[in-house]
Every structure is written in C-alpha cells, then in structure tokens.
Amino acid sequence: VLCVVGTVVIAINANKRKMAEESVETTEGVDIELADNLLAVPEVPLQQDAVPEINELFSAYYTAMVDGDTDTMSRLVDHLDETEILKAQETSKYIESYPTIEVYTKVGPREGTYVAYVYNEIKFKDYEKPVPGMRVYYVCTDENGEYYINEDGEESEAELNYIRELNLQDDVVDLNNRAAAAYNDMVAEDEVLRDFLMD
C-alpha cells in the first residue's frame, strides 16, 4: 500500500512539474511573439524641414497634383490606384496652387522611413482665399536610396501600431488641431466656401 501511495504521489508531482514547464514555455513564446510585433515609439518632437529630400518629394508631388500629372505622381507614390489617379485628374481642374506646404517629420518604424505630416494651404481657381488642410504620409526609401510615398497597404501590424502611436503624440495632435480649427472656422464663416466645397 505504501509503495502504491508513494508511486501515485510521485506521478502527481511529476505531472504538476511538467504542466508548469509547459506553461512557462507557452508564456515565453507569447512574450517573444508580442515583442516581435511591438516597436518602441520614441518621444521626439516634430521636426520641420529636417530632411531636404523629403521636402523635394512633397514639392514635386503637390506640383504634380496641381498639374494633374499622374505619371509623376505614380513615380513618387508606391501603389497609386486607379481611383486616386482619376481623382487627381479631376481635382486638378479646380486647383490653382499650393501656396503653403509645411513638411513635418518623425522617424518611422523601420530604418530609412519617416512619418510625414504635411500642412498645406490649397488655392482653388474659383475661390480667393487659400484653404488649409493636413495629411499624414508614410515615407520609405527604395533600393536606390530615393524617398517615396508608401501607399501599398501592406504595412505590418507593428508598423501600423507605431504610426498610430505617433499620431497620438501631443505635438502631432496640436498640428492636426491647428489645421482642423483653421479649416472649420473658414467653412463656418463663409457660406460661399461651403457651397463651393460641396459642389
């Protein structure tokens, strides 16, 4: 009887130890997987005009938007789909210029990448005042070291999470609020502009 009881106790303890080890292995596996999917997001301030080549990229891009030059846009943007091409061709009929383009950047999730926040003012052909706006772009580097706007939609969850975290940083929120407030104030005060934008 004592031998049987001893054997049962040993078996139970061995089984508990095995389950504990498996639990640790599983937990460690989850931790490693989570670590691989999370990228550290630095708390660094927005920098204006910090990368001259990126300024040149957006200068060329917005000039192409004014001209309806979709060939240039396709060269500067990875995966410019047919809808965006048609939209660019149509809206160029109404755009006179972009008198203000301010490019702010933060370092992106991968080496050679940036998240760019472009504040701009657009001058329409049939409206006398420039209208403010802001867009966020993911800027990457190709095999030749040239910057391009990445819109291929194939970012990893880690990259998307990183960009979302950047977008929530105070200086980015302030810039976005500045553009949104300026736009909303113009639209609220000017019925002609409201009707024009609706058309």
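Here are some notes on the fold, the strand pairing, the aromatic contacts and the nonpolar cores of this predicted model.

1. **Ground rules.** Because this is a predicted model, local features need pLDDT of at least 70 and side-chain atom pairs count only at pLDDT 80 or more, while totals for chains, interfaces and linings use all residues. Residues are numbered from 1 along each chain as its sequence is written, and side-chain values use heavy atoms, with hydrogens and water left out.

2. **Overall make-up.** You will find seven helices and six strands in the chain, where helices (H or I, at least four residues) and strands (E, at least two) are DSSP runs numbered from the N terminus. Their order along the sequence is α-β-α-α-β-α-β-β-β-β-α-α-α. Of the 199 residues, 33% are buried; that word means under 20% relative accessible area, with exposed set at over 50% and partly exposed in between (1.4 Å probe, protein chains only).

3. **Surface and contact range.** The accessible surface is about 12,600 Å², and carbon and sulfur atoms account for 52% of it; such areas come from the Shrake-Rupley method with a 1.4 Å probe, and for residues only the protein chains shown count as cover. Taking contact as heavy atoms within 4.5 Å, 60% of the contacts between residues at least 6 apart in sequence join residues at least 24 apart.

4. **β3 and its partners.** Two strands pair if DSSP finds at least two bridges between them. Strand β1 (residues 47–48) is joined to β3 by two bridges and runs antiparallel to β3, with Gln48 opposite Tyr104. On to β4: β3 pairs with β4 over 10 bridges, again in the antiparallel sense, and Thr100 has Glu121 as its bridge partner. The β3–β4 hairpin has six residues between the strands, and Gly112 in the turn shows a positive phi of about 80 degrees.

5. **A look at Thr105.** This residue belongs to strand β3 (residues 95–107) and counts as buried because its relative accessibility is 4%. Beyond its neighbours within four places in sequence, the contacts of Thr105 include Pro45, Leu46, Gln47, Ala50 and Ile54, as well as Tyr114, Val115 and Ala116.

6. **β5 and its partners.** Strand β5 (residues 131–141) is largely enclosed by the rest of the structure, because eight of its 11 residues are buried. Five residues separate the strands in the β5–β6 hairpin, where Gly145 takes a positive phi near 80 degrees.

7. **Aromatic pairs.** Rings of Phe, Tyr and Trp (its six-membered ring) pair if their centres lie within 6.5 Å; planes under 30 degrees apart count as stacked, over 60 as edge-to-face and the rest as tilted. The count comes to seven aromatic pairs. One of them is edge-to-face: Tyr61 and Tyr137, at 5.9 Å centre to centre and 80 degrees between the planes. Tyr61 sits in helix α2 (residues 52–67) and Tyr137 in strand β5, 76 residues apart, and both residues are buried. Tyr127 and Phe196 are stacked, because their planes are at 20 degrees and their centres 6.4 Å apart. This pair ties together parts 69 residues apart in sequence, since Tyr127 lies in the loop between β4 and β5 and Phe196 in helix α7 (residues 191–198). Tyr127 is buried at 3% relative accessible area, whereas Phe196 is partly exposed at 21%.

8. **Nonpolar cores.** A nonpolar core is a set of buried Ala, Val, Leu, Ile, Met, Phe, Trp, Tyr and Cys residues joined through side-chain atoms within 4.5 Å. In the largest core, which has 30 residues, Phe58, Tyr61, Tyr62 and Tyr137 touch the most other members. Helix α2 gives the most to this core, eight residues. A second, separate core has 15 residues, among them Leu46, Tyr148, Val172 and Ala179. As for the aromatic side of things, Phe58, Tyr61, Tyr62, Tyr98 and Tyr137 form one aromatic cluster.
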